[in-house]
Amino acid sequence: MTERPYVVLSCATSIDGYLDDASEQRLLLSNAADLDRIDAVRAGCDAILVGAGTVRRDDPRLLVRSARRRAARADRGLPASPTRVTLTATGDLDPAGRFFTVGETDRIVYCAAAVVEKTRDRLGALAEVVDAGEPVDPARLLADLAARGVRRLMVEGGANVHRQFLTAGLADELHLVVAPFFVGDCRAPRFVGDGRFPWHPGRRARVAEVRQIGDVVLVRYALSDRCAEG
Ligand SMILES: NC(=O)c1ccc[n+]([C@@H]2O[C@H](COP(=O)([O-])OP(=O)(O)OC[C@H]3O[C@@H](n4cnc5c(N)ncnc54)[C@H](OP(=O)(O)O)[C@@H]3O)[C@@H](O)[C@H]2O)c1
């Protein structure tokens, strides 16, 4: 069996652990230097995954921004940006969203069996819609990505998706950025919701690296033996 991809979870939170606020606008937690670091991490991956909630709420492009990094990928025979991946149980995805309309790289939608046909009709040629069970099983999703040659996957949220990868023990590394302010509004999503996590007071995760990047702090946690020392 092909080894599952190396999985890097990436997120930014407020000091009080929120991933966003409860307003209509997207909350900017990272700063410019950190966004550039994230761009470098993206450029080193074969695929980037976000949940359908993030596709709807943030309307992300999920592309490598730096022309230099895109060119370096092309020199290595890779597409300019990694394959974009999402998962959905409802198929409620807008084909006019930037995930589907901006950039040339492949898109894969892992979809609950019951809504595969509906989602294929809705998205047409914009994405490959894959029947991934009921509900979508993250381990099965990873096995399918591995079979497609994805060796390194970046998971960029949101809360629901991070919780599933963490509780299932399917993450090798967590990049947690803490922004220097509070949100203080329990209507906003938190990193992360309730669950039984493999790391708890009796089994502490290993800190691989701590780095200050301007006014934010990055902590890189090693969550598996596959994560090398920082
Ligand atoms: N600060 C950060 O670093 C960061 C990063 C990303 C996102 N965010 C924020 O996080 C929030 C979104 O988080 P969220 O928890 O609401 O959404 P999410 O985790 O992005 O997506 C959740 C959705 O993904 C689909 N899904 C997840 N697991 C599934 C499974 N096993 N099977 C089938 N479908 C599955 C479902 O889509 P359907 O509803 O379509 O069935 C579910 O509603 C937004 O506020 C966003 O701004 C913050």
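1. The second largest pocket holds about 240 Å³ of space. Of its 13 lining residues, Leu 174, Phe 197, Trp 199, Ala 205 and Leu 223 lie closest to the centre. By class, the lining has ten nonpolar, one polar and two charged residues. A pocket here is an open set of points on a 1 Å grid over the protein atoms alone where a 1.4 Å probe fits, with protein on both sides within 12 Å along at least five of seven lines; lining residues have an atom within 4 Å of a point.

2. Before going on: this is a predicted model, with local features needing pLDDT of at least 70 and side-chain atom pairs pLDDT 80 or more, while totals for linings use all residues. Residues are numbered from 1 along each chain, and side-chain values use heavy atoms, leaving out hydrogens and water.

3. Now the largest pocket, at about 1200 Å³. It has 47 lining residues, and those closest to its centre are Thr 54, Asp 58, Glu 156, Gly 157 and Gly 158. Helix H2 (52–58) gives the most to this lining, with six residues. The classes come out as 22 nonpolar, twelve polar and 13 charged.

4. On aromatics, there is one pair (ring centres within 6.5 Å). Phe 99 and Phe 100 have ring centres 4.9 Å apart and planes at 70 degrees, so they are edge-to-face (planes over 60 degrees apart). Phe 99 is buried at 1% relative accessibility, and Phe 100 is buried with a relative accessible area of 1% (buried means under 20%, with a 1.4 Å probe and protein chains only).

Terms used. Phe/Tyr/Trp six-rings, centres within 6.5 Å; stacked < 30°, edge-to-face > 60°. Buried < 20%, exposed > 50% of the residue type's maximum accessible area, 1.4 Å probe, protein only. Points joined across faces, edges and corners; volume = space filled by probe spheres on them. Helix = DSSP H or I, 4+ residues; strand = E, 2+ residues; numbered from the N terminus. Nonpolar A, V, L, I, M, F, W, Y, C, P; charged D, E, K, R; others polar.
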